[in-house]
Amino acid sequence: MTQDERAPQGAVARIDSQLRELPREIEPGRDLWPGIAARIDERAAPAPASEPRRSAWFWQAAAAVALVAASSLLTATLLDRDRPAGQAVVTAAPSNPVATSQDAVGMPAAFGPAGTLDPEYLAARKQLTQMLDQRIATLPPSARAKLEFNLGEMRRAADEINAALAAQPGDPLLEELLLKTYQDELAVLSNVSQLTGSLENAAASPAEKRMQL
Amino acid sequence: MAQAGEVVDELQRAREAAEERRLVASAADGSSASFEQLYRRHAPRVYALCLRMTGNVATAEDCTQDAFVQAWRNLARFETRSAFGTWVHRIAVNAVLQQGRRRQETLGSEDSVEREVADVLADPATVDPGRSRDLEAAIAGLPRGARHVLVLVGVYGHSHEEASQLLGIAVGTCKAQLHRARALLGARLGELETGHDAG
Amino acid sequence: MKTVIAAAPCCQPVARAIALLAATLPLAAFAGTPINKLTAADPTGTVEISNTAGTVTVTGWDRNEVEVTGELGKGTERLDFTTADKITRIKVVLPNRSYNVEDTDLIVKVPATSLVSVNTVSADIGVQGVRGTQRLQSVSGEMRTESSGEDIECRTVSGDVNIAGSGRKGLVSITTVSGDATATRLAGEVNGSTVSGNLTLGVGETSRSRLRSTSGDLTLQGSLAADARLDIESISGDVRLDLVGKTGADFDVASFSGDIRNCFGPRPVRTDEYAPGKEWRHQEGDGSARVRIKTLSGDVSVCRK
């Protein structure tokens, strides 16, 4: 690495012209469409209500898929952040007026005063939390209590930020922190899922393990 | 007075734009076949952007897929007066920044990764394929911040304002990074030109 | 631990003999079952260990073998010890109804370059001398380990984490819900995420660091690499950044209602005259590193030694 950060003028011009000549399009080495198609079609399969117990690996993979779906939906809500201040980040669904309504698990469904979160994100998150409720129930009581307390902390944080957003709609710092809180909640649910998933594999007796397959 | 050739070009562009709006509307209605068409048109550019910004083939493939998946999920929010390609481009930059949390990106300066990327990017049709390979390898070897700015500004022609907004950094930082990237590239390419066989 | 022996009158002499035996043998014989297992292992293989309650102590050595000693708690169903395809698995298996099972202590020696993966519920985990990748998970057990430059991932709900670094660059990820984490002399990429735990991380030099908290405090002490990227977010936890050495960095610090205290650069300014919210943007040196800190109500302090 050079100490002197200033390149001579002629060299800069040469580099610039070489850069401009580089191809701006490259065909990927393999067809990436099938991977994309699989992910955009994943929600077509209905979530089974009750079914024979699947292997721990299946739940982990399913939770991971739901997590990716929910996570990317979350991030996508802030993609068009250059809207003028005061305008909602997320378009309010016409049938949903101003709301800080709570879904079944407790996190507010609002994103700021005039917007609600993408209903697809909420559905994916609900699926994830239902899958994880069983897992969380297997934790020792003290750990479960701590987990629930901490999830409550995150819910309170989201409420606090939403309240602040009511007074300062569109504030970028608040929006970013709110997004972070929703993302962190998903991350906590996912991490606990992985933790308990590994433990399931560990604690199973042989009879149980046969059932898992 | 417009030349006949220009008029034809403009008509062609207008037809293509209308066709693209039709595809976007159809995809927003749920047609994955239409979305696949959009993918086929824009993937090479998205992939090239991801590859240059990440310096890693596997990560670039993931970013490309992530970008299109996110685009699909947000089609309802896309306003058709702007170009789909520009919109996907922006999503792709975000996908790269998200992927940047993973370890692969921090290996961007390893020699083996640079060679892999350079081989993919080198265009055998250029006059001096060896030189193009060296430049691609040099870009892949830049530190991440400098590389991101260089790709957006130097290769894709964004202004500093646009690039800094896409990357979420201050304009001053963007300019400093570009400066640094050019200096590092100059030094690296200069070393190569002073005679060793890069093979 | 008392051993009570009752016997029918016909067996009293036997019972008396057993009682005498109980008095003379070491207590351990009536507690758990000693463990003594050994197998050959690939030096770049994987060792997976799981235990529920008790302790797991892992030490790296230079033999191409995995050895397990220690004591299996009374009431444990068995210890599984298997090896296949370069993976050695050590699993404490509990019966289905495990309310009356005692702790198991596992003492495991592994080839120093193994990939080590440990899972426990409340068992404490201690690792030393391992130079391969480490994945340590526990619900409430405490974790102590050393970093040698390979990846370390620690995941826990309420256990505390303690990592002694070596200054060699690697990837360290710490995830807790309420557990605290302390680390010294880390280098390279350091990621920490907690809800209400306190993270106190000392870095030799970090190239990339992402710290997240809801209400726990985040403290990062150390120096930044030339192109470092630091991204710290907290809701109500306080954030403290103590920098060492020459720092060329672009600072972007904002807090909605917390205080920002900086030891260099200009004073923080209000973001908006009609709203709370302060920010501090400052370029120090060549500004090549990037530091972003955002909080809702947590206080922020950025200082330099």
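**Reading helix packing, contacts and cores**

Me: α2(B) and α3(B) are oblique to each other. At what angle do these two helices pack, and how far apart are their axes?

Reply: First, this is a predicted model, so local features need pLDDT of at least 70 and side-chain atom pairs count only at pLDDT 80 or more, while totals for chains, interfaces and linings use all residues. Residues are numbered from 1 along each chain as its sequence is written, with chains lettered from A and ligands numbered from 1 in the order in which they are written. Now the general idea: two packed helices are described by the angle between their axes and the distance between the axes. Here, α2 (residues 32-54) and α3 (residues 57-73) of chain B pack at about 140°, with axes 8 Å apart. Axes are lines fitted to C-alpha atoms, for helices over the stretch in contact, and angles run from 0 to 180 degrees between N-to-C directions. Under 35 degrees is roughly parallel, over 145 roughly antiparallel, 65 to 115 roughly perpendicular, and the rest oblique. Helices (H or I, at least four residues) and strands (E, at least two) are DSSP runs, numbered from the N terminus.

Me: Which hand does the crossing of α2(B) and α3(B) have, and which residues make the contact?

Reply: A crossing is left-handed if the near helix is turned anticlockwise from the far one by less than a right angle, and right-handed if clockwise. α2(B) passes α3(B) in a right-handed crossing. Contact means C-beta atoms, placed from the backbone, within 7 Å. Among the residues involved are B:Phe35 and B:Tyr39 of α2(B), and B:Phe68 and B:Trp72 of α3(B). By class, that contact has 13 nonpolar, 3 polar and no charged residues. Ala, Val, Leu, Ile, Met, Phe, Trp, Tyr, Cys and Pro count as nonpolar, Asp, Glu, Lys and Arg as charged, and the others, Gly among them, as polar.

Me: What do α8(B) and α9(B) show for angle and distance?

Reply: α8 (residues 144-155) and α9 (residues 160-167) of chain B pack at about 135°, axes 10 Å apart, and are therefore oblique to each other. Their crossing is right-handed. The contact, including B:Val149 and B:Ala163, divides into 6 nonpolar, 2 polar and no charged residues.

Me: How many residues are in the largest nonpolar core?

Reply: A nonpolar core is a set of buried Ala, Val, Leu, Ile, Met, Phe, Trp, Tyr and Cys residues joined through C-beta atoms within 7 Å. Buried takes 20 or more other C-beta atoms within 10 Å of a residue's own, exposed 12 or fewer, and partly exposed lies in between; C-beta atoms are placed from the backbone. The largest core has 88 residues, with A:Ile161, C:Val58 and C:Val108 having the most contacts inside it. α6(A) gives the largest share, 11 residues. Apart from this core lies another of 57 residues, B:Phe68 and B:Leu142 among them.

Me: Is C:Asp103 buried or exposed, and what does C:Asp103 touch?

Reply: C:Asp103 is buried, with 20 other C-beta atoms within 10 Å. C:Asp103 sits in the loop between β6 (87-93) and β7 (104-111) of chain C. Leaving out residues up to four places away in sequence, C:Asp103 touches C:Ala53, C:Gly54 and C:Gly73.

Me: How many residues of chain A contact chain C?

Reply: 30 residues of chain A meet 34 of chain C. α6(A) gives the largest share of chain A's side, 16 residues.

Notes: Contact = placed C-beta atoms within 7 Å.
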